[in-house]
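Biologist: Walk me through this one, please. Start with what I need to know to read your helix names.

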Amino acid sequence: MINTDYALVVTGANGNLASHFNRKVLQQGYNLILLYHNNRQRLDELLMECASRIRLIRTDFASADDLKRQFADVFTETGWIPRGLFHTTTARSSDFQPLADSPEATWEYVIDVNIKGTFRLLKALIPYFRKYNYGKIVLMGSNVSRIGLPRGSAYSLSKAAMGNLSRCLATEEGHNNIFINTISPGPIKMDDSHFSESYRKFREEYYKERIREIPLQRCASVEDIFGLAWFLLSENNSYITGEEFYITGGKL
Ligand SMILES: NC(=O)c1ccc[n+]([C@@H]2O[C@H](COP(=O)([O-])OP(=O)(O)OC[C@H]3O[C@@H](n4cnc5c(N)ncnc54)[C@H](OP(=O)(O)O)[C@@H]3O)[C@@H](O)[C@H]2O)c1
């Protein structure tokens with residue numbers, strides 16, 4: 001049985017992957033601290049089912065100035081003990097242009113949210129993991145970190161940063177019993193109805209091309225990702241840290 005005070009922190013909590021993860025983790029008995037940005041429809045559905053075991057934090061990772069205080073408020077109010085972090089938040093390149101044609105602001109935004117935002121998040125949360133001498137962290141990267149993403153160089157660069165961050169932090173925080181790994185999938189089958197038409201079209205074309213290259217001949221499902229994320233975040237993971245795992249159906 002899981003201690004009823006244990007909590008996991010999930011970012012991008014209303015997103016495709018996180019919303020699947022949230023449901024599975026609630027079934028396992030953890031409390032959830034869910035960080036969301038603008039959209040929260042899926043979180044509202046979850047709250048209707050299980051409000052006492054969920055706390056929401058609204059934050060924009062482009063600034064996230066208040067994150068330290070927001071975590072402190074939740075931990076003080078609930079008495080929950082943070083055990084892990086599943087970081088799925090991502091900004092995407094919105095202009096789909098070659099680097100040479102990209103405005104600097106596009107790069108800045110993606111880097112601010114995905115890289116600096118991850119820094120802000122980890123700065124705010126690691127002191128709690130240190131305090132309890134326990135923490136399991138999973139960052140979401142992407143296979144684009146090794147194959148690149150034409151017309152999405154800022155996103156691709158920011159995803160590559162996750163694997164390297166894991167390697168650094170695993171070294172820095174191992175003696176505090178804090179583990180950190182990155183999961184870097186290829187395309188995941190997801191509900192894209194909330195994306196703009198132009199972004200949907202970009203993804204559709206991109207996915208069509210990618211599936212031709214995947215030996216298993218399909219995208220990953222959210223369940224395919226959950227299996228590994230759950231293991232890495234669980235107490236069963238007693239020796240794996242600093243790694244980047246590619247889930248790509250055999251595509252190198
Ligand atoms: N889906 C794929 O094919 C795929 C493939 C490889 C890797 N990945 C990685 O897997 C992770 C999850 O992907 P997903 O498909 O579940 O993504 P998703 O559904 O697009 O979710 C991303 C989440 O990030 C939030 N977000 C965006 N900008 C933010 C900001 N400035 N501050 C705070 N939160 C912000 C969004 O909230 P709002 O909607 O409210 O803005 C959303 O909930 C991502 O890190 C992605 O890079 C995905």
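Modeller: Helices here are DSSP runs of H or I with at least four residues, numbered from the N terminus. Keep in mind that this is a predicted model.

Biologist: Fine. Which helix gives the most to the shell around the ligand?

Modeller: That is α1, residues 16-28, which contributes three residues to the shell.

Biologist: And which residues come nearest to the ligand?

Modeller: G12, G15, L17, H37 and M140, out of 26 residues around the ligand.

Biologist: Which residues make the contact?

Modeller: On the α1 side, N16, L17, H20, F21 and K24; on the α8 side, V222, I225, F226, A229 and W230. Seven of the contact residues are nonpolar, two are polar and one is charged. L17 in that contact is also one of the residues that come nearest to the ligand.

Biologist: Switching to the sheet. In what order do the strands run?

Modeller: The order is β3-β2-β1-β4-β5-β6-β7, seven strands in an open sheet with parallel pairing. β3 (54-58) and β7 (244-247) are at the edges with a single partner strand each, so one side of each has no neighbour in the sheet. Neighbouring strands are turned against each other by 20° on average, direction ignored.

Biologist: How many bridges join β1 to β2?

Modeller: Four bridges link β1 (residues 6-11) and β2 (residues 31-36), and the two strands run parallel. In one of the pairs, L8 has L32 of β2 as its bridge partner.

Biologist: Which strands does α4 touch?

Modeller: α4 packs on the sheet against β1, β4 (81-87), β5 (135-140) and β6 (178-185). The direction of α4 makes about 150° with that of β4.

Biologist: Now α4 and α6: what is their crossing angle?

Modeller: The axes of α4 (residues 104-132) and α6 (residues 153-173) cross at roughly 20° and come within 9 Å. They are therefore roughly parallel to each other. α4 passes α6 in a right-handed crossing.

Biologist: Which residues meet there?

Modeller: From α4 there are T106, W107, V110, I111, N114, I115, T118 and I126, facing A154, Y155, S158, A161, L165 and E173 of α6. That contact has nine nonpolar residues, four polar and one charged.

Biologist: Last one, α3 and α4. How do their axes cross?

Modeller: At roughly 35°, with the axes of α3 (residues 67-78) and α4 coming within 9 Å. This crossing is right-handed. L67, K68, F71 and F75 of α3 contact R120, L121, A124, L125 and Y128 of α4. By class the contact holds seven nonpolar and two charged residues, with no polar ones.

Note on methods
Residues are numbered from 1 along each chain as its sequence is written. This is a predicted model: local features need pLDDT of at least 70, side-chain atom pairs count only at pLDDT 80 or more; totals for chains, interfaces and linings use all residues. A residue is near a molecule or strand if its C-beta atom, placed from the backbone, lies within 6 Å of it. Two residues are in contact if their C-beta atoms, placed from the backbone, lie within 7 Å. Ala, Val, Leu, Ile, Met, Phe, Trp, Tyr, Cys and Pro count as nonpolar, Asp, Glu, Lys and Arg as charged, and the others, Gly among them, as polar. Axes are lines fitted to C-alpha atoms, for helices over the stretch in contact, and angles run from 0 to 180 degrees between N-to-C directions. Angles under 35 degrees count as roughly parallel, over 145 as roughly antiparallel, 65 to 115 as roughly perpendicular and the rest as oblique. A crossing is left-handed if the near helix is turned anticlockwise from the far one by less than a right angle, and right-handed if clockwise. Two strands pair if DSSP finds at least two bridges between them.
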